[in-house]
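Subject: Handover of a structure and notes on it

Dear colleague,

Please find the structure below, together with its sequence.

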Amino acid sequence: MMTVTKPDVEEVFDFLNLMVFEPEGFKVPMADHLDIMELEGYLGITLRSVNPLAGVDFVMCILNDEFKDHFEFVEIVAHEMIHIYQQKVLKTWGDHDDFFWSFKSIFGKYDLPLRERE
Ligand SMILES: [Zn+2]
């Protein structure tokens with residue numbers, strides 16, 4: 001097992017933007033709030049909170065603080081980056097929709113798996 005910190009996540013996030021997302025035409029902005037903590041039953045989640053009356057449109061990404069290995073860590077960050085793009089750029093709810101799954105072939109070029117997770 002490996003423990004991760006916020007700087008580790010930011011480093012992988014920047015690396016994936018540079019090596020995978022940007023070459024494909026997608027620059028993923030960082031979530032408004034990034035948190036690393038012990039999660040129960042899943043490894044990462046990205047949530048969008050919208051309150052038009054209060055002018056709130058807020059995206060929060062939370063990652064587990066522990067991963068099996070580096071590959072699993074990179075896979076989860078990449079997965080959540082698609083959700084962040086959906087929620088922050090496309091302003092959708094970040095489901096596993098057609099846009100989400102269109103990254104399966106993109107990720108495949110980089111030997112990066114894309115699976116059904118949170
Ligand atoms: Zn997901």
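In which strand does Met37 lie? Met37 belongs to strand S2, residues 33-37. Two remarks on the basis of these notes are in order. The model is predicted, and local features need pLDDT of at least 70, side-chain atom pairs count only at pLDDT 80 or more, and totals for chains, interfaces and linings use all residues. Residues are numbered from 1 along each chain as its sequence is written. Helices (H or I, at least four residues) and strands (E, at least two) are DSSP runs, numbered from the N terminus.

The term rests on a count of other C-beta atoms within 10 Å of a residue's own, with C-beta atoms placed from the backbone: 20 or more makes a residue buried, 12 or fewer exposed, and anything in between partly exposed. Residues up to four places away in sequence aside, Met37 touches Ile62 and Asp65; two residues are in contact if their C-beta atoms, placed from the backbone, lie within 7 Å. Thr5 is 32 residues from Met37 along the chain, and their C-alpha atoms are separated by 9.1 Å.

Asp32 sits in the loop between H1 and S2. Asp32 is partly exposed, because 15 other C-beta atoms lie within 10 Å. Beyond its neighbours within four places in sequence, Asp32 is in contact with Phe58, Val59 and Met60.

The packing of H1 and H2

Helix H1 (residues 6-21) packs against helix H2 (residues 70-89) at an angle of about 70 degrees, and their axes are 10 Å apart. Axes are lines fitted to C-alpha atoms, for helices over the stretch in contact, and angles run from 0 to 180 degrees between N-to-C directions. H1 and H2 are therefore roughly perpendicular to each other; angles under 35 degrees count as roughly parallel, over 145 as roughly antiparallel, 65 to 115 as roughly perpendicular and the rest as oblique.

Which residues make this contact? H1 contributes Val9, Val12, Phe13, Leu16, Val20 and Phe21, while H2 contributes Phe73, Val74, Val77, Ala78 and Met81. The residues of this contact comprise eleven nonpolar, no polar and no charged. Here Ala, Val, Leu, Ile, Met, Phe, Trp, Tyr, Cys and Pro count as nonpolar, Asp, Glu, Lys and Arg as charged, and the others, Gly among them, as polar.

H2 is mostly covered, with 15 of its 20 residues buried.

Lys91 lies in the loop between H2 and helix H3 (98-101). Phi of Lys91 is near 60 degrees, which is a positive value in a residue other than glycine. Most residues other than glycine have a negative phi. Is Lys91 buried or exposed? Lys91 counts as exposed, because it has 12 C-beta neighbours inside 10 Å.

Asp111 is in the segment after helix H4 (103-109). Phi of Asp111 is also positive, near 55 degrees. Asp111 counts as exposed, with 7 C-beta neighbours inside 10 Å.

Pro113 is likewise found in the segment after H4. Pro113 is partly exposed, because 13 other C-beta atoms lie within 10 Å. Not counting residues up to four places away in sequence, Pro113 touches Glu75 and Phe107.

With kind regards
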